[in-house]
Amino acid sequence: MELISWTSMYAKTNPRAARISPRQKRVFAVAAVVVVVLFGGLAAWGATAHDTYGTSGHGCVSVTVPNSTGGAVLHYCGSQARTFCQASFRSGDQVSLRARPQCELAGLGPAADPETVAS
């Protein structure tokens, strides 16, 4: 009695199981190149894209504070930024302490004249 392995049985029932045609190889190669280019482009975009909430300046304030999901960004511009900064210089909580340097970067420090700050 002859023992036949599962692989040889499968190959006998499906003779094209182990063969890939040159056309299929080209399709797989093109698909692999497209995936690599797509992920490479996304990585490059993520590394070089400008973050609108990243920095404070020109009358806008961005503050990153601890949150239950890891972190949250507080972003205010114009009159909301002035109100937020005035409150942060009057208070001593953790958010206010984190906001003060960002308010100064935005030109909204305690001595800032509201008329000279861009809205």
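What share of the 119 residues in the chain is buried? In this predicted model, buried residues make up 18% of the chain. I shall begin with the overall arrangement and then turn to individual residues.

The chain holds four helices and two strands. Read from the N terminus, the order of these elements is α-α-β-β-α-α. The accessible surface of the chain amounts to about 9200 Å², and carbon and sulfur atoms account for 62% of that area. As for contacts with a separation of 6 or more, 36% of them join residues 24 or more positions apart.

Let me take helix α2, residues 22-48, next. How many of its 27 residues are buried? The count is zero, and α2 is hardly covered. Its length can be checked as well: at 1.5 Å a residue, the 27 residues of α2 should span 39 Å.

I turn now to the nonpolar residues. In soluble globular proteins, nonpolar side chains tend to be buried together. Here, the largest nonpolar core has eleven residues, among them Val-61, Val-63, Val-65, Phe-84, Cys-103 and Leu-108. Strand β1 (60-65), helix α3 (78-90) and helix α4 each supply at least two residues of this core. Val-65, a member of the core, touches Gly-71, Ala-72, Leu-74, Val-95 and Arg-98, when residues up to four places away in sequence are not counted.

Phe-84, also listed in that core, takes part in the one aromatic pair of the structure, to which I now come. Its partner is Tyr-76; the pair is tilted, with 4.8 Å centre to centre and 35° between the planes. Are the two partners buried or partly exposed? Phe-84 has 15% relative accessibility and therefore counts as buried, the cut-off being under 20%. Tyr-76, with a relative accessible area of 24%, is partly exposed.

Finally, I would draw attention to Ser-96, which is found in helix α4, residues 94-105. Because its relative accessibility is 7%, Ser-96 counts as buried. With which side chain does the side chain of Ser-96 make a polar contact? The partner is the side chain of Asp-93, at 2.6 Å. Leaving aside neighbours within four places in sequence, Ser-96 is also in contact with Ala-87, Ser-88 and Ser-91.

Definitions and conventions:
Residues are numbered from 1 along each chain as its sequence is written. This is a predicted model: local features need pLDDT of at least 70, side-chain atom pairs count only at pLDDT 80 or more; totals for chains, interfaces and linings use all residues. Side-chain values use heavy atoms; hydrogens and water are left out. Buried means under 20% relative accessible area, exposed over 50%, partly exposed in between (1.4 Å probe, protein chains only). A polar contact is a pair of N or O atoms within 3.5 Å; within protein, one must be able to donate a hydrogen and the other to accept it, and residues adjacent in sequence count only if both atoms are side-chain atoms. Contact means heavy atoms within 4.5 Å. Rings of Phe, Tyr and Trp (its six-membered ring) pair if their centres lie within 6.5 Å; planes under 30 degrees apart count as stacked, over 60 as edge-to-face and the rest as tilted. The expected span of a helix is 1.5 Å times one less than its number of residues. A nonpolar core is a set of buried Ala, Val, Leu, Ile, Met, Phe, Trp, Tyr and Cys residues joined through side-chain atoms within 4.5 Å. Accessible areas come from the Shrake-Rupley method with a 1.4 Å probe; for residues, only the protein chains shown count as cover.
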